[in-house]
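Here are some notes to go with the model, for someone opening it for the first time. Have it on screen while you read.

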Amino acid sequence: MQSTQSTQSTTQYTQCEHYVRRCRLVAPCCRKTYVCRHCHNDAETHEMNRHEVKEVVCAMCEHRQPVSQTCSNEECGIEFAAYFCAVCNLFDDRIERNYYHCDKCGICRVKGDNDYMHCDTCGTCVASREH
């Protein structure tokens, strides 16, 4: 699914079944723009490495720019999403998911209402109350 856009009040969202954000990723492998790496991988015969993404396109003004949390176009300046991780290039406006980045796992995870910790023995994040 390549860039699906809908308007909610005056803010233009670029969203898919995976994320809600106001930008599209520029795939470093093929230079095409997609809402997310999952949509890219579903549409292409190769996979996008989210850590290699260097550019995004603003959904409001279509300005192509380096990855950041806000649009670098001075006339626009919108925030792309409430949650942003510069390591994973993850943008999502659904703050209720309560994302966090685990440096040891090297990815962002959905925390939800649970408390998690990284378990070095298991090599992954686990619910604190289970460990």
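The points below go from the whole chain down to single residues.

1. Ground rules. This is a predicted model, so to speak of a local feature we need pLDDT of at least 70, side-chain atom pairs count only at pLDDT 80 or more, and totals for chains, interfaces and linings use all residues. Residues are numbered from 1 along each chain as its sequence is written, and side-chain values use heavy atoms, with hydrogens and water left out.

2. The overall layout. The protein chain has one helix and 13 strands; helices (H or I, at least four residues) and strands (E, at least two) are DSSP runs, numbered from the N terminus. Going along the sequence, the pattern reads β-β-β-β-β-α-β-β-β-β-β-β-β-β. Of the 131 residues, 37% count as buried, where buried means under 20% relative accessible area, exposed over 50% and partly exposed in between (1.4 Å probe, protein chains only). Among contacts (heavy atoms within 4.5 Å) with a separation of 6 or more, 30% are between residues 24 or more positions apart.

3. The largest pocket. About 210 Å³ of space lies in this pocket. The search runs on a 1 Å grid over the protein atoms alone: a pocket is an open set of points where a 1.4 Å probe fits, with protein on both sides within 12 Å along at least five of seven lines, and lining residues have an atom within 4 Å of a point. Grid points are joined across faces, edges and corners, and the volume is the space filled by probe spheres set on the points.

4. What lines that pocket. The lining has 17 residues, and Tyr19, Arg37, His38, Arg50 and Leu90 lie nearest the centre. Helix 1 and strand 11 (107–110) are the elements that give two or more residues to the lining, with strand 11 supplying the largest share, four residues. By class there are nine nonpolar, three polar and five charged residues; Ala, Val, Leu, Ile, Met, Phe, Trp, Tyr, Cys and Pro count as nonpolar, Asp, Glu, Lys and Arg as charged, and the others, Gly among them, as polar.

5. Have a look at Asn41. Asn41 sits in helix 1 (residues 37–43), and its side chain makes a polar contact of 3.0 Å with the side chain of His40. (A polar contact is a pair of N or O atoms within 3.5 Å; within protein, one must be able to donate a hydrogen and the other to accept it, and residues adjacent in sequence count only if both atoms are side-chain atoms.) A polar atom of the Asn41 side chain also lies 2.8 Å from the backbone nitrogen of Met48. Setting aside neighbours within four places in sequence, Asn41 is in contact with His46, Glu47 and Met48.

6. Two positive phi values. Arg31 is not a glycine, yet its phi is near 70 degrees. Arg31 falls in the loop between strand 4 (23–26) and strand 5 (33–34), and is partly exposed at 45% relative accessibility. Glu62, also not a glycine, has a phi of about 65 degrees. Its place is the loop between strand 6 (55–58) and strand 7 (64–66), and Glu62 is partly exposed at 41%.

7. Why no disulfides? The structure holds zero, a disulfide being a pair of cysteine sulfur atoms within 2.5 Å. For Cys61, the closest cysteine sulfur is in Cys71 at 3.6 Å, which is too far for a bond. For Cys102, the closest is in Cys125 at 3.5 Å, again too far. Cys61 is partly exposed at 28%, whereas Cys102 is buried at 7%.
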